[in-house]
Protein chains: 2
Amino acid sequence: MISAIQMEALLKYMSSHIQLSPEEEAFLLSKVFVRKYLKGQYIVQQGDVCKYECFVLSGCTKMFYVDDEGQEHIIMFSIEDWWTSDMGSFITQTPADFNIQCLENTVLVMFSYDVIEELYANIPKLERFFRQIIERAFVASQKRIVRNFALTAKDRYLYFRKQYPKIEQRIPQYMIASYLGITKEFLSKVKSQLILEQ
Amino acid sequence: MISAIQMEALLKYMSSHIQLSPEEEAFLLSKVFVRKYLKGQYIVQQGDVCKYECFVLSGCTKMFYVDDEGQEHIIMFSIEDWWTSDMGSFITQTPADFNIQCLENTVLVMFSYDVIEELYANIPKLERFFRQIIERAFVASQKRIVRNFALTAKDRYLYFRKQYPKIEQRIPQYMIASYLGITKEFLSKVKSQLILEQ
DNA sequence: CGTCTATTTGAATGTACTCAAAAGCGGTGG
DNA sequence: CCACCGCTTTTGAGTACATTCAAATAGACG
């Protein structure tokens, strides 16, 4: 059982999408739990089944794929008020393709597969809530595909900097390069070119 | 009102996800309609609001973005038993970023925004159904982002050919190039190189 | 201060693009 | 039946954007 104080951020976040009665809130809180991870720890590892959908209360995570050459490709970062999970693994309960690792000490609200199903069954509004979250994530993902095709590395970087200024500040540059799909060396060159242009 | 025969494909597709009672099926059929488009016609145009989520009964569509230089970037194709819409525009009912155009004569089942909401309200199972559809679309989209980073153009093409052999056959090569994020000239060179390798 | 990690810089290379032109492939009409 | 048209694909030369590898520099932390 979780204290309401700890979960304030989650409840506030949810209230901007749906209205839950006090009983529904209590039910939800009785089903989820909070877990703390240290910087560097893995929440999900490639090959394991992703058992939880996680809501970030504090901290920062990266989700990434390691290819055949051992190179890391960062798919997304998650900070406060974001979700993180390998959804492909979670919804099918099969081994994950991706890793999720903490870039800072991180506090998460953990929704297990069974709990999510139980919540859907008991609070149909939550099905609506999660549908809407995923709809928006899907839209964002499609737009990112387009940006990766339509924009140069420089413009992708400028977009990232504009869109996620908070994330840029707390993450090493070589990880941003990976997220943008370029090498750390090239991002460095892009940045120095941007400085010259001003 | 739509005949059940015309909608057989939709009902069959839905039955693999959820079980609807005859009354629920009838209610659903009373709310949606079928529309036919000719090859070349637009279902959605950049700047217009996307009013429908469409289920493809027959035919083929492409969804694409036109960038500042006037270049076309194909985000996805849809054939039988797939969905098509500019979801970003649909869920917010704001102007679309993307175009959807028919590559063949195409028959669609049209779910308007209001109808979808009405269906969610009356048949909660459908909220679950669409949540699951979108979850899978999101997972596919994320994996495509990774492939675009981790694979060369040649390997992306080989993956596409293996994954969507039916689509490759009915679509001109320059559109496949656009979907893969390369020029038509380069795809041609990739293909000729693949022939030499055998 | 030294060590470890992250960033920058430079030269050589590679993957994919641009532009231009030629070749292939249906369909249509004389 | 073939000549022509529009559209798609192929080929080639030159170019651009981004990578690789190596080395130097800068920052962070004990």
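Predicted model: local features only at pLDDT ≥ 70, side-chain atom pairs only at ≥ 80, totals over all residues.
The surface near DNA strand C is made up, by class, of five nonpolar, five polar and six charged residues. In this count Ala, Val, Leu, Ile, Met, Phe, Trp, Tyr, Cys and Pro are nonpolar, Asp, Glu, Lys and Arg are charged, and the others, Gly among them, are polar. Residues are numbered from 1 along each chain as its sequence is written, and chains are lettered from A and ligands numbered from 1 in the order in which they are written.

Let me stay with the DNA. In all, 16 residues surround DNA strand C, and the closest are Gln173(A), Tyr174(A), Ser188(A), Ser192(A) and Phe186(B). A residue is called near a molecule or strand if its C-beta atom, placed from the backbone, lies within 6 Å of it. At least two residues of this surface come from each of helix 8 (173-180) and helix 9 (184-197) of chain A, and likewise from each of helix 6 (153-163) and helix 9 (184-197) of chain B. Helices (H or I, at least four residues) and strands (E, at least two) are DSSP runs, numbered from the N terminus. Which element gives the largest share of the surface near DNA strand C? That element is helix 9 of chain A, with six residues.

We turn to DNA strand D. Two or more residues are given by helix 6 and helix 9 of chain A, together with helix 8 (173-180) and helix 9 of chain B. Here the largest share, six residues, belongs to helix 9 of chain B. The surface near DNA strand D divides into five nonpolar, five polar and six charged residues.

How are the two protein chains related?

As for the interface, 27 residues of chain B are in contact with 27 residues of chain A. Contact requires that the C-beta atoms of two residues, placed from the backbone, lie within 7 Å. On the side of chain B that touches chain A, strand 5 (72-78), helix 3 (87-92) and helix 5 (124-150) of chain B give two or more residues. Helix 5 of chain B gives the most, with 18 residues. By class, this side has 15 nonpolar, six polar and six charged residues. Because 100% of the interface residues of chain B are also interface residues in chain A, the copies meet through the same surface.

Next, the packing within chain A. The axes of helix 6 (residues 153-163) and helix 9 of chain A come within 10 Å and cross at roughly 80°. That makes helix 6 of chain A roughly perpendicular to helix 9 of chain A. Axes are lines fitted to C-alpha atoms, for helices over the stretch in contact, and angles run from 0 to 180 degrees between N-to-C directions. Angles under 35 degrees count as roughly parallel, over 145 as roughly antiparallel, 65 to 115 as roughly perpendicular and the rest as oblique. Ala153(A), Lys154(A) and Tyr157(A) of helix 6 meet Phe186(A), Leu187(A) and Val190(A) of helix 9 in this contact. By class, the contact has five nonpolar, no polar and one charged residues.

In helix 8 of chain A, Ile176(A), Ala177(A), Ser178(A), Tyr179(A) and Leu180(A) are buried. A residue is buried if 20 or more other C-beta atoms lie within 10 Å of its own, exposed if 12 or fewer, and partly exposed in between, with C-beta atoms placed from the backbone. The cover over these buried residues includes strand 5 (72-78), helix 6, helix 7 (165-170) and helix 9 of chain A. Just after helix 8, Gly181(A) takes a positive phi of about 85°.

I close with a backbone detail. Asp81(A), although not a glycine, has a positive phi of about 70°. Its place is in the loop between strand 5 and strand 6 (83-84) of chain A. Asp81(A) is partly exposed, with 14 other C-beta atoms within 10 Å.
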